[in-house]
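Morning, everyone. I have one structure to walk through, and I will keep it brisk. Please look at the screen.

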Amino acid sequence: MHNTVTAGRPWTFHALTLCFVVFLAFLYGPMVVIYVLSFQGTEGGLTFPLRGFSTHWFHELIVNGRSGDIAGTFTRSVELAAVVSVLTVVMSIAAGLGFRRRFRGAGFLFYIAIASLVMPGLFVGLGISLVFQLLGWQTDWRVSGLGAQLTWTLPFGLLVMFAVIGRFNRSYEEAASDLGATAWQRTREVTLPILLPGIIGVALFGFTLSYDEFARTVLTAGSQNTLPLEIWAMTTNVTSPALYAVGTATTLVSFTVIGAALGSIALIQRRRSRHAASSPASVPATAMAATDPARSPAMTTQTKDGSIELVAVTKTYTQGAPPAVAELDLRVGHGAYCCLLGPSGCGKTTILRMIAGHEFPTSGDVLIGNRNVTLLPPVERGTAMMFQSYALFPHRSVIDNVAFALKIRGIGRDQRYATARELLEKVRLEAFANRLPSELSGGQQQRVALARALITNPRVLLLDEPLSALDEFLRLRMRGELRRIQRELGITFVHVTHTQLEATAVADVVVVMDQGRIEQAASPREIYLSPRNAYVARFIGGQNVMSGAVERVGEGRATLLTGTGGRIDVPLDGASVVPGEMLFASLRRDRIAVRRPATGEGRRDLLNSVAGEVHTIENQGSYVKITIDLGDGEEFVANVLDEDYFIDPIDIGDRAVATWTAGNMRLLDDRSAARSTAIRQPSAVSV
Amino acid sequence: MKIRPALISWLQAGPLAAILILFFGIPVLVVVVVSFFDFDHSDIVPTFILDNYQDIFTSEVTWRLYLSSLKFAAIVWAITLVLGFTLANYLVFHIRSLLLKIGLFLLCSVPFWTSTIIRMISWIPFLGRNGLFNTMLIDAHIIDKPLDFLLFSDFAVVVAYVHLFTLFMMVPIFNSMARIDARLIEAAKDAGASRWTILREIVLPLCKSGIALGSIFVVTQVMGDFFVVKVMSGGQSASVVSALQNEIAALQYPPAAASAVVLVIVVMMMVAGILRVVDVRKELAS
């Protein structure tokens, strides 16, 4: 067998490589020529090969200063570039951070910056020099020259910061404030370190752009030249080796600056990973022993009551738009595992973020442990949040991530590492303490996030779709693990998910939501046994929703006439209905028997049965899911035990009759609205 | 006390805004005002006249200068676009090793960090009548006598522009290309698209914003240039800005201001034209 992988690149690759090499020759060739020519013998002239080798021109230039004030202009330019670079970094970082919020005049300022960037340099210089002239001031490189250069480096720095900050995940900062960092600590410990490569980039660009700038400075530098202006003045004799010597010397300086900058980036990266690798390895055994007392001072001395109460909470993001959360009331007892379940955009994450303090209600109150925390910052609530993408600080090792909250609280290194180690053991990650988050798998990252959230000893843990980034296998394992940890800690968990199975598997209380409202809040069993309305029944799954007009009432039940002409009995459980009224009911799919129609059995359905053509058949292992097409648009599904099904397997396209007993029907709440066609379809597909 | 978030934003953006308004906003307004002033000898006379503009639009020189600058802008734009796109395409899609990719990218951008004037000047010993290129051609017996059109000509101007500005085109295109999801290319291949079709149907539309940004940089650089044209054409060609510089050197500020205003309007119209075709705000925001 031939190995086709090594069969070679297509011809286009070789053609493009050739293009690239030619371009590099085009780029570097002429420059190399002048570097060589700058070592021309004292007679000068453009001859190849060189007439002797000498450093004469460099000597003239730097020591004797014959060809103009190179040394002086060089110093001036470096000073200017350094100042420009520092100012650009400081101002563009600040402005870049400021631009993350909307503020009046932001758009205007942005367009000014762009216009300033693309404006011909001489035009800007002309403007500044005219202003100075009209004011009767002298132009000076320290004032007008500096300003002129900033009009070019600042927009540039701002654009770079936009790009860098745009890729910056906001939840890093939210995680930091959750863990107790103040605004300043957050900026110093999280924001700036993560933005560091971009900051060095801005500094480097600021320096080199300024160091080489002359279109803007030619009219604004005043009586003293900068280096580029001096070089520009020397171009009156374009064949002078002195000029080439300047070129060689300045190039060397530029390369030194770039080299230093790149070197420092590499050094920072290396120190980070080395720091991560070396830091916690030497935790002494004594520190381990002192673990438990060490934990308590870190914690705020709040009551441990983790009950949550939302009172008439409304959140509107844009005025006039429908609210994300509308007049919502909810009570979650201390130590409960509560799942907020609903399709995307139903407001469940908004609720979570309002409990966390990352979002404030437009109206209404949030109470934790019977204390009103509506407007408190995250750290004062005794809550901790696990973010959807985990928001692990990419520049800190696993143990530093976990110990972050203790560092913020000023706990010593040995102590905080000991506590962090203990938590890592709890999530079985002690062997990975020195890794960086990027070196972990998704499941491991999730456990680090859990440990980091738990280190503050929270009374409430908030989990935003904690399992959505994991594969199926890990998801099943981790949801059991979450439940185990919650039991062990005995604190309140609020878990946001859009997966019904996940919610029913872990929760004590499932809150089914739709469009900012709670449709039902109850135990998973109660929701499954008696869903309140058609929406809940469809969303929670395992139910068929059926409807029909009341034909007869009696003996505690109503008989409905369905759209396809069948009749079904629904127990009323004390509800009063009138004939002709439209009713909705749910039927558990695992309480339905399916058989072939008996010979002679007509199309007309019997009481408590439906007939139709089999549409799909899915073998689920312990049961078989049969979908029957009734012709009324609503999906009718029967989950039949595998042993029953395989006695006489029905195939797709066969006719089938489904039957059940009336006691398995549950009356739904939807009747008053009589919205037989207006029922909202849940976006998630029910199982 | 809680500080309003918008106020924090203003404090953060304030210094940058102040510098831009002081050294860019106000000077631009002053140039516009001065362009309506009169002058005698070296003094500016505050009055309101339209003569400066009238002179510009009635002078045949203006039209020649603009024609020449636009011609250079068009040629250089076309060359840098093809070069920048080809090089970025090569680096992003044909170099598999990330380290090599970064290395080659740095190799392309290193000259950018050195003096612009020196890079321009470096063509002189290479292209000159007795320069390296002519010498090589003669030694190889390809030509008998030196080629004269190489230096101090429009050709030399274009070569220097391409040398200086290709990177401005390449970097934005490289950026937007690097952001293209590799699975898109695979999906196109699965659908049976050829290399060329992929380039035309997938890559090109997805780098539109990069191309637009690069085009803005290149076009504004060429239109704003006054030194390359002056040196590389040996004084034979002029650009709008080199003429402007001559007026400034002669201390004729009001006419200089007027031609600067006209130039900026033309350049801004070109930029606006590019932005109309491609919305680069998405690119900047992401």
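A:Arg532 and A:Asp669 form a salt bridge through their side chains, 3.6 Å from N to O. A:Arg532 sits in the loop between helix 20 (524-529) and helix 21 (534-540) of chain A, and A:Asp669 in the segment after strand 20 (665-667), so the pair ties together parts that are 137 residues apart in sequence. By salt bridge I mean a side-chain nitrogen of Lys or Arg within 4 Å of a carboxyl oxygen of Asp or Glu. Helices (H or I, at least four residues) and strands (E, at least two) are DSSP runs, numbered from the N terminus.

Both partners are partly exposed: A:Arg532 has a relative accessible area of 40%, and A:Asp669 is at 47%. The cut-offs: buried is under 20% relative accessible area, exposed is over 50%, and partly exposed is in between, with a 1.4 Å probe and protein chains only.

Ground rules before I go on. This is a predicted model, where local features need pLDDT of at least 70 and side-chain atom pairs count only at pLDDT 80 or more, while totals for chains, interfaces and linings use all residues. Residues are numbered from 1 along each chain as its sequence is written, chains are lettered from A and ligands numbered from 1 in the order in which they are written, and side-chain values use heavy atoms, with hydrogens and water left out.

Back to the charges. How many salt bridges does a search of the whole structure find over all chains? The count is 25. One of them joins the side chains of A:Asp140 and A:Arg142, at 3.4 Å from N to O. A:Asp140 is partly exposed, at 24% relative accessibility.

Another pairs A:Arg188 with A:Glu189, at 3.1 Å from N to O. Buried or exposed, what is A:Glu189? A:Glu189 is buried, with a relative accessible area of 10%. A:Arg188 is partly exposed, at 43%. These two belong to a network of salt bridges that also includes A:Arg396 and A:Lys407.

Now chain A as a whole. Its secondary structure comes to 22 helices and 20 strands. Of its 687 residues, 53% are buried. Take the contacts between residues at least 6 apart in sequence: 70% of them join residues at least 24 apart. A contact here means heavy atoms within 4.5 Å. The chain exposes about 29800 Å², and carbon and sulfur atoms supply 57% of that. Accessible areas come from the Shrake-Rupley method with a 1.4 Å probe; for residues, only the protein chains shown count as cover.

One helix deserves a stop. Why call helix 13 (residues 348-356) of chain A largely enclosed by the rest of the structure? Because eight of its nine residues are buried. Among them are A:Lys348, A:Arg353 and A:Met354. Just after this helix, A:Gly357 takes a positive phi of about 95 degrees.

A:Glu327 has phi near 45 degrees. It lies in strand 2 (residues 325-332) of chain A and is exposed, at 56% relative accessibility. A:Arg428 has phi near 60 degrees. That residue is in the loop between helix 16 (413-426) and helix 17 (442-454) of chain A.

On to chain B. B:Ile121 lies in helix 5 (residues 116-121). It is buried, with a relative accessible area of 0%. Which residues does B:Ile121 touch, not counting those up to four places away in sequence? They are A:Thr235, A:Val238, A:Leu243, A:Tyr244 and B:Val231.

Last, a surface patch. A:Leu262, B:Leu98, B:Ile102 and B:Leu106 form a nonpolar patch, with about 350 Å² of accessible area together. Patches are made of residues with over 30% relative accessible area and no salt bridge: like charges are joined within 9 Å, nonpolar side chains (Val, Leu, Ile, Met, Phe, Trp, Tyr) within 5 Å. The largest share, three residues, comes from helix 4 (residues 98-109) of chain B. B:Leu106 is found in that helix. It is partly exposed, at 36% relative accessibility.

That is my tour. Over to you.
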